[in-house]
Amino acid sequence: MTATVEQLDLLSLNLEDTKETSVLTFEPFSLPSTNQRILGPPHPPNTPIPLALQPSGSIKPTLNLAIATVKSLQRTKILTSLLAQHGTLLFRGLPIHSASDFSAFAHAFGYSPHEIIGIVVDRPLLAPNVAPANEAPKEVRIYNHNESPQVPHAPEYVFFYANRAPKKGGETPISSSLELFHRARAEIPEFIDLLVEKGVKSSVTYTVERQYVGGSTLRQAFGKEFVDEDDEQAKRRKVEAQIARYGRGKYTTFEWSDGADGQGQVLTLTHHLPVIRTQPGTNLPTLFTGLAAYYKNSLEAKKGSGAGRKNVAVQTFGDGTPIPEEYLATLARITDEIRVLHRWQDGDVLVFDNVIAQHGREPWEGEQGDRVVLASLFDGETVPGPYGFGEWARVVQALDG
């Protein structure tokens, strides 16, 4: 069974002002119901996630033509509008074969590259603004989350590209944060009220050495200005200068301690953050969070199965009190009910509006290198709005540095 996707005439665009003699158009197509579904409220009726697009007609697409088409569509922000409606777009059938191809395609959307201050995963640069999505072992399940919910300044757009798709497993889960809020508001309204009132405190530990395979080091997270001759005090000053770029005053605090067994400095960074944010343009509330992933990882850790990712962030309510497990379990159950699993094909590109859509990663069979998915992160023109009245509930762009 497949989800029904109506044709979108607005995607037939004549590129009159390009040097290309042929016109490339994108047309929607349907995916199996395991890969695509019709979103529930508050999305408009018959809105699929992801919206799957492919080149139409007999014209053989080139990378330059695909880039020119995207740039032309984005002059009137058509693709941005579709992202705001569907949450996720899939582009299939384009000649994207490398990190540099992917970088050129992603940059064609016209967004500004995003810098994660305080990144918790290892993402070595492979091409302009392109890095591995996650290098955790293939057995590790990464549950649905918005990108970078543990820091104040998160990207608005997340691009993923399958340079190599695994034969079995390795799907990318996709779900709507708008729909998650709508369901949670109906099923656990008292939890939503507590999140509005308190927000969350996210305490993240950073160490000199990486804490797990695929994780980042203190230097990767905050040490872009480090030089070899820096002593410990110089490194601390440079880290603290990066933390100051968050621009959140008393709602971001930090503490230094000595690592065990002479492992050097340990930084514990605590942010008081909103979980509920609002979508720019609609002001619809969205659950921008990794709380369900935090809960699932904790369960896997208790079982000792190795299928979870290490929780480097401790999550509590904003007043420091624990979040009841039953609320987290309900978020995870709802997420299971509203998500689909994208089955990758080589060359696929998924684009997420990170404010309203969540992603993850399923384990896969075979070798670690059988799945190679790259990521590229971008900022939008605005940041999500606050839901509530606390100063801590406001999200701001990080200061340049």
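**Backbone geometry, helices and enclosed space in the predicted model**

Lys77 counts as partly exposed, at 39% relative accessibility. The model described here is predicted. Lys77 sits in the loop that runs between helix H1 (63-74) and helix H2 (78-86). Its phi is positive, at about 60°, although Lys77 is not a glycine. Asn283 also has a positive phi, near 65°, and is likewise a residue other than glycine. This residue is found in the loop between strand E14 (276-278) and strand E15 (285-287). At 58% relative accessibility, Asn283 counts as exposed, because the cut-off for that class is over 50%. Most residues other than glycine have a negative phi, and most peptide bonds are trans.

Two cis peptide bonds to proline were examined next. One runs from Pro41 to Pro42, with omega near 10°. Pro42 lies in the loop between strand E2 (37-38) and strand E3 (48-49). Another cis bond joins Ile49 and Pro50, with omega about -10°. Pro50 belongs to the loop between E3 and strand E4 (51-55).

Thr25 precedes strand E1 (26-28), in the segment before that strand. Its relative accessible area is 15%, so Thr25 is buried. The side chain of Thr25 makes a polar contact of 2.2 Å with the side chain of Ser56.

Tyr251 occupies the loop between helix H7 (232-244) and strand E12 (252-258). With a relative accessible area of 18%, Tyr251 is buried, because the class takes in values under 20%. Beyond its neighbours within four places in sequence, Tyr251 is in contact with Thr270, His271, His272, Glu391 and Trp392. Asp346 lies 95 residues from Tyr251 in sequence. The C-alpha atoms of this pair are 43 Å apart in space.

Phe102 is part of helix H3 (residues 99-107). Its relative accessibility is 0%, so Phe102 counts as buried. Residues up to four places away in sequence are again set aside for its contacts. Phe102 then touches Ile96, Val130, Phe159, Phe160, Tyr161, Val349, Leu374, Ala375 and Ser376. A separation of 43 Å lies between the C-alpha atoms of Phe102 and Thr321. These two residues are 219 residues apart along the chain.

Helix H8 (residues 291-303) has 13 residues. At 1.5 Å a residue, H8 should span 18 Å. The end C-alpha atoms of H8 are 19 Å apart, which agrees. The buried residues of H8 are Leu291, Ala292, Ala293, Tyr294, Tyr295, Asn297 and Glu300. Their cover includes strand E8 (142-145), helix H5 (189-198), strand E16 (313-317) and helix H9 (325-338). H9 has 14 residues. From its first C-alpha to its last, H9 reaches 20 Å, close to the 20 Å expected at 1.5 Å a residue. Buried positions in H9 are Tyr327, Leu328, Thr330, Leu331, Ala332, Ile334, Thr335 and Ile338. An α-helix has 3.6 residues a turn, so residues three or four places apart point the same way.

Rolling a probe the size of a water molecule over the atoms shows where empty space is left. The largest pocket holds about 540 Å³ of space. It is lined by 23 residues, and the closest to its centre are His114, Glu115, Ile116, Ile119 and Arg123. Helix H6 (218-222) and strand E20 (372-379) are the elements that give two or more residues to this lining. H6 gives the most, with four residues. By type, the lining of the largest pocket divides into twelve nonpolar, six polar and five charged residues.

The structure also holds four cavities of 30 Å³ or more. The second largest cavity contains about 100 Å³ of space. Of the 15 residues that line the second largest cavity, Ala154, Pro155, Glu156, Val383 and Pro384 are the closest to its centre. The lining of this cavity comprises eight nonpolar, four polar and three charged residues.

Note on methods. Residues are numbered from 1 along each chain as its sequence is written. This is a predicted model: local features need pLDDT of at least 70, side-chain atom pairs count only at pLDDT 80 or more; totals for chains, interfaces and linings use all residues. Side-chain values use heavy atoms; hydrogens and water are left out. The expected span of a helix is 1.5 Å times one less than its number of residues. Buried means under 20% relative accessible area, exposed over 50%, partly exposed in between (1.4 Å probe, protein chains only). Contact means heavy atoms within 4.5 Å. A polar contact is a pair of N or O atoms within 3.5 Å; within protein, one must be able to donate a hydrogen and the other to accept it, and residues adjacent in sequence count only if both atoms are side-chain atoms. On a 1 Å grid over the protein atoms alone, a cavity is a set of points where a 1.4 Å probe fits but cannot get out, and a pocket is an open set with protein on both sides within 12 Å along at least five of seven lines; lining residues have an atom within 4 Å of a point. Grid points are joined across faces, edges and corners, and a volume is the space filled by probe spheres set on the points. Ala, Val, Leu, Ile, Met, Phe, Trp, Tyr, Cys and Pro count as nonpolar, Asp, Glu, Lys and Arg as charged, and the others, Gly among them, as polar.
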